[in-house]
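Please take a look at the chain below. A short briefing on its surface follows.

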Amino acid sequence: MGVAGWRFAHMKKTLRVRAALVGLLEELPFICPVVIAIGSLTMIVIKLCKDWPQ
C-alpha cells in the first residue's frame, strides 16, 4: 500500500471514530453540557487559585 493508501486508511478510521462519537452524543445529549460545565468550573478554580493572595 502506498502513501495515499495509508492516508486513506487513516482517514476512514478517523471518520468511523467521529461517527461513533456523534452517535454517542446523540444517544446521551446531557454529556455535552456536563463536560462544558466541568471545564468551565475547572478554569474558574484555576484562575482563582492563581489570583489568590499569597
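**Surface briefing**

The protein chain has an accessible surface of about 5,300 Å² (Shrake-Rupley method, 1.4 Å probe; for residues, only the protein chains shown count as cover). Carbon and sulfur atoms hold 75% of that surface. This is a predicted model: local features need pLDDT of at least 70, side-chain atom pairs count only at pLDDT 80 or more, and totals for chains, interfaces and linings use all residues. Residues are numbered from 1 along each chain as its sequence is written, and side-chain values use heavy atoms, without hydrogens and water.

**Fold and burial**
- The chain has two helices and zero strands (DSSP runs: helices H or I, at least four residues; strands E, at least two; numbered from the N terminus).
- Of its 54 residues, 0% count as buried (under 20% relative accessible area).

**Nonpolar patch**
- Leu21, Leu24, Leu25, Leu28, Phe30, Val34 and Ile38 form a nonpolar surface patch of about 610 Å² accessible area together.
- Helices H1 (3–27) and H2 (31–51) each give two or more residues to the patch.
- H1 gives the most, with three residues.

**Leu24**
- Leu24 lies in helix H1.

Notes:
Patch = residues over 30% accessible without salt bridge, like charges linked within 9 Å, V, L, I, M, F, W, Y side chains within 5 Å. Salt bridge = Lys/Arg side-chain N within 4 Å of Asp/Glu carboxyl O. Buried < 20%, exposed > 50% of the residue type's maximum accessible area, 1.4 Å probe, protein only.
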